[in-house]
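User: I would like to go through some of the labels used for this structure and the grounds for each.

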Amino acid sequence: MNVITKKVQLSDGRFISVETGKVAKQADGSAVITMGNTVLLATVCAAKDAVPGTDFMPLQVDYREQYSAAGRFPGGFTKREGKASDNEILTSRLVDRALRPLFPSNYHAEVYVQVMLLSADGVDQPDALAGFAASAALACSDIPFEFPISEVRVARINGEYVVNPTFQQMENADMDLMVGATKDNILMVEGEMDEVSEQELIEALKVAHEAIKPMCDLQTELSKELGVDVKREYNHENNDEELREALRKATYDKCYAIALAGDHDKKSRGEAFDQIKEAFIEEYNNAHTDLTEDELSEKHALVDRYYDDVMRDSMRRCILDEGKRLDGRKPDEIRPIWCEVSTLPMPHGSALFTRGETQSLSTCTLGSKLDEKMVDDVLDKSYQRFLLHYNFPPFSTGEAKAQRGVGRREVGHGHLAWRGLKGQIPTDFPYTVRLVSQILESNGSSSMATVCAGTLSLMDAGVPMKAPVSGIAMGLIKNPGEEKYAVLSDILGDEDHLGDMDFKTTGTLKGITATQMDIKCDGLSFEILEKALMQAKAGREHILSKMTETISAPREEMKPQVPRIVSLEIPKEFIGAIIGPGGKIIQQMQEETGATITIEEVDGVGKVQVSAPNKDSIDAALKKIKAIVAVPEIGETYDGVVRSVMPYGCFVEIMPGKDGLLHISEIDWKRLESVEEAGIKEGDNITVKLLDIDPKTGKYKLSRRALMPKPEGYVERERRPRREDRGERRPRREGNNDQHNNQQ
């Protein structure tokens with residue numbers, strides 16, 4: 001084995017090692033990444049040739065975590081890993097977005113990148129190493145790849161930027177960014193933050209890039225040492241330059257005119273562009289009757305590819321030269337916005353947000369603690385109280401196809417919106433919150449429409465948000481070798497597809513709460529980045545002003561159909577008393593009141609949550625709970641239940657689990673020979689007063705006669721003290737009980 005190991009040191013002294021040549025040697029490239037006790041294996045395999053007719057990059061990135069890595073068994077009946085979790089999907093997307101732009105544009109062979117977590121102790125975060133591992137595997141192969149990349153996590157902890165922080169350090173972070181970059185350029189950014197400024201975000205990106213540079217140098221050295229710095233030859237495109245030139249000459253001016261007109265909506269603009277292409281194809285067919293059907297089909301496929309370039313160039317030149325976009329807007333102009341709340345009658349909150357031809361219908365549902373989502377990942381066992389689900393049905397873009405299961409794109413877009421909003425929901429808000437965004441129309445920035453619609457829906461439901469949040473997607477047009485560029489606000493779908501950047505930011509008036517950026521061009525200076533951020537800030541504030549015209553603050557009263565929830569804290573020693581043996585007490589309270597009761601210990605305190613569809617049920621449940629946790633007080637009156645009757649009195653339950661003795665002498669002012677004489681029997685409700693609590697035993701002394709009026713002229717009969725009180729010994733009993741009683 002030709003095992004090669006290289007290391008790179010982080011600024012805090014920790015090391016990340018890269019090893020190749022030991023395992024997975026039949027893959028085109030493989031690398032083992034180790035940081036502390038965290039170990040990842042990355043492999044890459046590529047087909048030798050492209051599938052005929054493929055004109056895109058068929059890259060598949062799959063990140064998976066093995067439960068054995070943390071010494072755990074998977075859940076479920078099968079006890080084995082199943083489909084990818086949301087966390088694994090999100091990490092796969094982070095790696096994919098950084099790698100994809102760096103394959104040659106004419107390379108179309110299928111490439112499969114797999115990253116596996118093999119060992120983890122819960123200290124270092126493995127997702128921050130996945131991008132480095134994937135790129136290192138590519139660096140160890142002869143698969144065509146333009147530049148090595150790496151990814152790091154940057155967090156700001158107590159005002160200091162930390163690269164690849166531990167799980168424990170993240171507990172004090174107010175900024176969490178994942179950054180992917182080559183040695184020269186940033187390619188991908190995603191993260192969340194606590195309302196930070198644009199300048200603080202740029203500073204974090206600079207710290208991340210400095211950490212990435214030596215990781216890229218390490219991979220370059222590794223490729224040279226393995227002898228794979230010269231990549232394999234390929235030929236995945238057959239071009240017809242004569243056809244390309246003829247198409248451009250015949251269609252460019254017409255496409256430019258459509259782009260310049262700026263008076264079409266998405267559908268009619270697409271139809272106008274299609275008519276130009278179809279007219280050229282018809283003209284080409286008429287001029288080449290000597291070609292067979294198969295030959296014409298090949299030429300038509302080339303026309304489709306070349307025509308995309310024509311549309312791309314005409315749109316970009318129109319923006320750079322005329323300052324006019326496809327829909328007629330200026331670069332920093334926002335599309336028309338209209339929105340409404342309480343769109344639907346029964347959801348707890350609902351809103352419709354429309355920006356141009358992008359529309360989101362958002363609903364908010366409020367539930368109890370029992371509705372929390374349980375997360376059971378390899379390194380994360382927790383519960384989520386705020387959920388956001390994003391759905392993108394085909395009709396939103398006019399596509400005639402069936403809607404299948406949730407795709408990676410929907411998971412990713414929903415997660416970004418979730419990150420943007422979650423920090424604005426108070427931690428002491430007792431409800432579990434679920435937002436669902438249905439995209440009804442889409443022409444760019446649907447994830448940001450989800451943030452805006454979600455904010456409106458939350459406020460409509462009466463969720464006391466700290467501040468409303470809006471979002472915007474920014475674009476960039478920058479041709480290689482040309483200094484002129486344009487930053488675009490609120491981009492269309494075509495501007496995303498044909499442009500050089502998709503940069504999304506969400507935030508309040510105070511600062512940014514989440515961001516996601518993908519770069520498609522060769523370079524992005526921090527000057528351009530700062531301009532994009534400041535333009536995005538102005539756009540977010542404009543959108544927020546339109547939103548607050550519809551609803552300016554959360555509703556003070558929740559809708560009648562919202563379940564009511566009351567939370568309270570109790571001493572932890574009462575938790576067992578409320579639950580009861582086998583859950584008997586808490587189940588009985590729920591059956592009797594119709595309320596749902598949950599209880600847990602948090603930081604040495606019992607946290608109780610009571611939820612019910614009406615106030616009467618909640619009040620009844622709270623009364624029972626407070627009765628259990630209440631401490632009886634001398635002199636107070638209690639409504640009790642007779643639990644047992646004895647010759648010398650009866651035992652009365654004055655609170656759940658708290659019994660006291662009502663002595664026969666304290667039942668009535670008159671002398672009673674038996675308890676039954678007073679008409680008291682087991683199960684009776686009776687009102688008593690607490691006279692005393694024995695300081696040694698904690699037993700309760702009760703009285704009923706103390707609540708009755710004292711008879712006129714009543715003289716308290718003097719009681720003889722017990723023998724023990726007089727210092728006399730009780731005589732030894734002899735014979736049977738009857739004899740003893742006669743002697744007495």
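Analyst: Rings of Phe, Tyr and Trp (its six-membered ring) pair if their centres lie within 6.5 Å; planes under 30 degrees apart count as stacked, over 60 as edge-to-face and the rest as tilted. Ring pairs of this kind link Phe103, Tyr107, Phe145 and Tyr234 into a cluster. The model is predicted: local features need pLDDT of at least 70, side-chain atom pairs count only at pLDDT 80 or more, and totals for chains, interfaces and linings use all residues. Residues are numbered from 1 along each chain as its sequence is written, and side-chain values use heavy atoms, with hydrogens and water left out.

User: Why is the pair of Tyr107 and Tyr234 called edge-to-face?

Analyst: The ring centres of Tyr107 and Tyr234 are 5.0 Å apart and their planes stand at 80 degrees, so the pair is edge-to-face.

User: Why is Asp502 called buried?

Analyst: Asp502 counts as buried because its relative accessibility is 8%. Asp496, at 25%, counts as partly exposed.

User: What makes the pairing of Asp502 and Lys504 a polar contact?

Analyst: A polar contact is a pair of N or O atoms within 3.5 Å; within protein, one must be able to donate a hydrogen and the other to accept it, and residues adjacent in sequence count only if both atoms are side-chain atoms. The side chains of Asp502 and Lys504 make such a contact at 2.6 Å.

Note on methods. Buried < 20%, exposed > 50% of the residue type's maximum accessible area, 1.4 Å probe, protein only.
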